[in-house]
Each structure stands twice: as C-alpha cells, then as structure tokens.
Amino acid sequence: MAGLRERKKEQTRRRIEAAAWGLFAERGFEAVTVNEIAEAAEVAKATLFSYFPTKESLALQGVGDDDLAGVVAGRAAGRSALEALRAHYRAFAAGPMTGVDPEALVSRIRVIFDSPALSNAANALLYQQRQKLSEALTAEHGERTALLMAAQVSATLVTLQEAFFRRLAAGASLEEARRKLGEDVELAFDLLAHGHDRLPGPATGRRPDQAKEERGR
C-alpha cells in the first residue's frame, strides 16, 4: 500500500513538473502563474505547494544539489579533496544518462538563463553549495585557503556545466557532449591541481615554465 501511495505521489510530482516546463518553455518563467501550472497539471494549488513551496523551487530542481562537501568529507584516507572531486566528476561524465532528453535539458537551461529571477536564485543555490564546500575544507586547510579553494572549484564546475550545455544547444549529440565533458574534467582538474604554468603548451608539449627556463640559459 505504501508503495502504491509513493508511486502516485511521484506521478503527481512529474505531472506538475511537465505542466510547468511546458508553460515556461512557451512563455517564459515570469509570465506563468502558479494557478496556471496547477490548472494545467489538474491539481489543486495547495497540492502543488505541498510538492514545491515556490515557483522558483519547481524550476530549479537539481540546481546546487551536488554534494561537493559530502564528496570531500567522505573521501578515502590519503586521497586529497581535489582527487576525490575529480573522481566524482569523472564518474559523472562517464556514467549512464538514461532518460535524459537533450532538447528538454537545453530548453530548461534557456528558461533559467532568460529569467533574472531564476538566474539570481540559481546563483544563490550555487553560493550555498560553495559555502558548504569551504566549510568541509576549512579543518584541513584553514579558513582563508578553504574559501579560495572552494571558489576556484565552484567556478570551474559551473564553467564545465555551461560548456556541456552549449554543446548540446549547438546540436552535439549527448554522447559527443559527454565525451567532451570528460576531456574538460581532466583538463580542469589538472589546472586546479597544478596551475597554468605546470601544463604543457599546445604547440611544443613543454610547460610554460620550462620554456622560460630554456630561454634564460
């Protein structure tokens, strides 16, 4: 009985989400009211609010949910925070994305980017994610270093996500976008771990600091 109840609740949640995103994609986030979403989903307004306390929370499902602090806090002994985060995002890029509709995903991202209210709310969620990561790093690295590390990691991850979405929007297949994301993850975490001056140059294969040393001889 409990299983049937949970399935019905999940079906209602999905119906609300589908109705909302159909309206958002057609008219934009600001132009759609909660009453219209409830009517399209064939639920009472109170029912909608029992699943989603605000219109923003409905549109931003999943934003900032990745538990970066948990990845760092739960890493194996002897593994650095960056190594744990690299492994986490490497697995994400290589893992299955069953049921993902690239067109629907791009549509959702465009709705968020086109709405100042949603963009601000998304940034607030990402800021909270960054703060939690900073707190997880503080015991090991101290507050000032932890703040800077968390800021660098968070900015890098947002850039990786944006590049992934841009490729999908440009018409790349999900498989191709994921392959590029995997390559970007490796490059991004090399940069975080070693800095710009420790990476090979694109033409010579030598690190910039090596080239400087050779010119100085």
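Good morning. Helices here are DSSP runs of H or I with at least four residues, and strands are DSSP runs of E with at least two, both numbered from the N terminus. On that basis, the protein comprises 11 helices and zero strands.

This is a predicted model, in which local features need pLDDT of at least 70 and side-chain atom pairs count only at pLDDT 80 or more, while totals for chains, interfaces and linings use all residues. Residues are numbered from 1 along each chain as its sequence is written, and side-chain values use heavy atoms, with hydrogens and water left out.

Let me turn to the overall fold. Of the 217 residues, 32% are buried, meaning under 20% relative accessible area with a 1.4 Å probe, protein chains only. Among contacts (heavy atoms within 4.5 Å) with a separation of 6 or more, 57% join residues 24 or more positions apart.

I now come to the second largest pocket. A pocket is an open set of points on a 1 Å grid over the protein atoms alone, where a 1.4 Å probe fits, with protein on both sides within 12 Å along at least five of seven lines; lining residues have an atom within 4 Å of a point. This pocket holds about 150 Å³ of space, the volume being that filled by probe spheres set on the points.

Which helices each supply at least two residues of its lining? They are H8 (116–141) and H9 (143–169). H9 gives the most, with six residues. The lining includes Tyr 127, Arg 130 and Gln 161. By class, six lining residues are nonpolar, four polar and one charged.

Technical notes
Buried < 20%, exposed > 50% of the residue type's maximum accessible area, 1.4 Å probe, protein only. Nonpolar A, V, L, I, M, F, W, Y, C, P; charged D, E, K, R; others polar.
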